[in-house]
Amino acid sequence: MGVRDSARLLASVREAALAGDAPPAALRTVIGESWLRVLNHGVDPDIGRHSTLLSTEEIEHRRQSSPLGDVMPLLREGLVSVADIASHIMVVTDADGRVLWRDGSLAVRKSADRLGFAEGASWAEDVVGTNAIGTALVTRAPVQVHSAEHFVRTHHAWTCAAAPLHDPRDGRLLGVVDISGPAATLHPATLSLVTAVTRVAEGELRLRHWASIERLRAIAAPLLARIEGKAVAVDRNGWTAAVTAMAPPDRVALPLSVRSGEVWLPSLGMCSLEPLPGGWLIRVGDRQRPSAASRVVLDVSLPRAWAVTVSGAAGCWAQQLSPRHAELLFVLAVHRGGRSAAELAHDLFGDAGRTVTVRAELSRLRRNLAGVLAHRPYRFADGVDVELIRPHHPADLLPHSQAPAVLAARA
């Protein structure tokens with residue numbers, strides 16, 4: 001099927017879907033799920049929602065505070081020349097979907113301006129509907145959106161391919177790299193190219209991370225040599241640089257807000273934190289750990305960020321969750337009686353045989369949330385009050401996830 005025929009078929013599928021009629025062809029799953037989310041958000045299918053542009057000062061602030069700026073030369077080298085030749089533009093957004101950088105064909109940039117696709121604009125799904133940038137932000141996976149697969153009619157003349165870019169230090173979503181252009185210029189290799197260049201950029205960030213760990217180790221090693229007792233030097237993301245008098249953890253789970261002074265770290269107990277250039281010195285106390293947690297709040301209400309907050313005699317402690325750990329804790333919060341490793345493997349992967357993966361993930365979770373999780377079966381510990389905060393619309397529950405348990409909860 002040619003590009004024009006494909007565009008006409010997609011347009012008829014969209015019209016049928018909006019009218020509640022049987023479509024002449026099935027939508028791709030990723031597009032159908034996105035349309036459902038967009039409908040729940042009340043996005044106008046003809047013009048979308050108005051997006052106020054960020055100020056020049058705010059754009060520059062976001063550029064300077066994001067690790068994405070460190071890899072922009074690499075992204076430009078890998079994509080801009082290709083985009084320019086193909087009458088496309090390269091766009092890089094932050095994790096909110098705000099366009100921070102845009103480069104490529106001058107003619108296409110002018111066309112994008114007329115669409116509101118400018119630096120500072122929001123290209124999130126709940127603003128402009130289904131599109132490669134917004135949908136990649138939600139699903140955390142590369143995606144190509146062509147012509148009338150875009151929910152908003154004014155975007156049907158466009159094709160776009162985007163891939164999410166993650167921070168290798170903590171898995172945090174940094175933003176999305178996108179190539180967009182006229183729908184008639186659709187090329188099936190565009191998505192592969194964008195994905196490959198994005199992975200190279202993540203590799204560059206990983207190299208920079210380990211270089212910073214080495215610099216911190218050089219600073220911390222002489223300090224640790226003079227300390228009596230257990231201590232560990234970690235970077236701002238908790239990665240270990242140096243250690244004394246204890247087994248070296250790969251990473252220490254730090255609370256969302258880290259400050260100097262005494263703090264309870266579930267994996268280490270009561271500790272004293274002191275700032276270091278690029279990280280923290282953690283002195284591990286010898287006193288007995290405080291009593292177990294009494295309350296856990298699991299917040300999975302947002303589409304791109306999930307957190308667990310633990311409260312007890314030692315106070316309150318919060319941590320951001322990775323996509324997999326968010327899935328695991330969600331299943332355990334739903335099944336308060338507990339789940340076996342085989343049951344969790346089926347819940348997450350649809351394959352009860354993948355127990356090794358489940359046990360490894362839960363081992364990491366139990367170290368980070370000491371006293372919160374029990375096993376045999378895996379469950380929240382007895383006596384812990386668990387509150388689960390879900391999104392308003394079931395379709396927005398962990399939208400990146402393809403875990404059978406999450407898909408069932410969305411339904």
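In this predicted model, the axes of helix H2 (residues 29–40) and helix H7 (residues 132–139) come within 11 Å and cross at roughly 95°. Axes are lines fitted to C-alpha atoms, for helices over the stretch in contact, and angles run from 0 to 180 degrees between N-to-C directions. H2 and H7 are therefore roughly perpendicular (65 to 115 degrees). On the H2 side, Val30, Ser34 and Arg37 meet Thr135, Val138 and Thr139 of H7 (contact: heavy atoms within 4.5 Å). Helices are DSSP runs (H or I) of at least four residues, and strands (E) of at least two, numbered from the N terminus.

Asn131 caps the N-terminal end of H7, where a side-chain oxygen lies 3.0 Å from the backbone nitrogen of Ile133. After H7 comes Arg140, with a positive phi near 60°.

Helix H9 (residues 323–334) packs against helix H10 (residues 341–349) at about 120°, with axes 11 Å apart. Arg324, Glu327, Leu328, Val331 and Leu332 of H9 meet Leu344, Asp347, Leu348 and Phe349 of H10. These contact residues divide into six nonpolar, no polar and three charged.

Residues are numbered from 1 along each chain as its sequence is written. Local features of this predicted model need pLDDT of at least 70, side-chain atom pairs count only at pLDDT 80 or more, totals for chains, interfaces and linings use all residues, and side-chain values use heavy atoms, leaving out hydrogens and water.

Methods
Angles under 35 degrees count as roughly parallel, over 145 as roughly antiparallel, 65 to 115 as roughly perpendicular and the rest as oblique. A polar contact is a pair of N or O atoms within 3.5 Å; within protein, one must be able to donate a hydrogen and the other to accept it, and residues adjacent in sequence count only if both atoms are side-chain atoms. Ala, Val, Leu, Ile, Met, Phe, Trp, Tyr, Cys and Pro count as nonpolar, Asp, Glu, Lys and Arg as charged, and the others, Gly among them, as polar.
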